[in-house]
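Student: I have a structure open and would like to learn how to read it. Could you walk me through some features?

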Amino acid sequence: SGNVQTANYLAVTTSANGIVKSVFVKEGDKVAKGTKIMEITLDLEGEKSKISAYSYYLKDKISLENAKNSLYTYENSLNTKKVALKNIGETTSYVSRDEMLSYDIALNDYAKAKKDLEIQKESIKQLELSVSTAWLDYTAQSDVITAPTDGIIANVIYVEGTKIENSVSSERSIKTLASIKKEGTPIVSVNVNELDITKVK
């Protein structure tokens with residue numbers, strides 16, 4: 001005995017609020033990623049949420065562009081500090097205290113510039129993730145629902161005229177509108193007695 005795990009099904013979801021205006025697919029249709037599944041007429045709350053999500057996306061996108069532009073400044077600073085360190089290393093005799101101090105300062109400047117560049121690169125990676133997340137939040141509240149993957153429409157839960165209501169709190173709810181069946185065999189999870197294990201194929 002056991003359960004069939006629906007590992008080859010993927011839900012088509014939305015966080016939008018409104019009424020289903022059009023349904024473009026039916027059960028059994030083959031779809032590609034990006035295919036239009038439904039269109040929703042957003043209500044006032046849905047429109048506000050969509051605009052707000054797009055605003056956050058644009059804000060994160062601008063922050064990412066600014067961070068990428070600043071990257072050149074950090075790279076130039078590192079190159080300058082590297083050249084300065086090399087020049088001091090080649091010209092100093094390391095005899096006087098002042099020369100040794102100058103070299104230590106140049107070395108610390110180079111190390112700091114290198115660290116600053118690494119931090120900026122990590123910041124860019126985080127901002128790229130933020131932009132991706134903001135875009136997903138925006139698409140989740142869009143009035144046009146598209147297929148998240150290739151496959152076959154397994155079922156369509158919402159029909160034209162159906163009202164979609166999602167929570168508008170900080171933890172927005174998600175409604176499943178349809179499901180797409182992917183290629184492959186479902187995974188079956190079963191309990192097998194240890195005496196029967198050798199009989200399983």
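Student: In β7, which residue is the bridge partner of K30?

Tutor: The partner of K30 is I152. This is a predicted model, where local features need pLDDT of at least 70, side-chain atom pairs count only at pLDDT 80 or more, and totals for chains, interfaces and linings use all residues. Residues are numbered from 1 along each chain as its sequence is written, and side-chain values use heavy atoms, leaving out hydrogens and water.

Student: How do β4 and β7 pair?

Tutor: Strands are DSSP runs (E, at least two residues), and helices are too (H or I, at least four), numbered from the N terminus. Two strands pair if DSSP finds at least two bridges between them. Here β4 and β7 (residues 151–156) are antiparallel, over two bridges.

Student: In what order do the strands of the open sheet come?

Tutor: The four strands run β2-β9-β7-β4, with antiparallel pairing. β2 and β4 (30–31) are at the edges with a single partner strand each, so one side of each has no neighbour in the sheet.

Student: Which elements each supply at least two residues of the lining of the largest pocket?

Tutor: A pocket is an open set of points on a 1 Å grid over the protein atoms alone, where a 1.4 Å probe fits, with protein on both sides within 12 Å along at least five of seven lines; lining residues have an atom within 4 Å of a point. Here the elements are β2 (9–14), α2 (97–140) and β6 (144–146). The largest share, six residues, comes from α2. Of the 20 lining residues, T13, L136, T139, A140 and Q141 are the closest to the pocket's centre.
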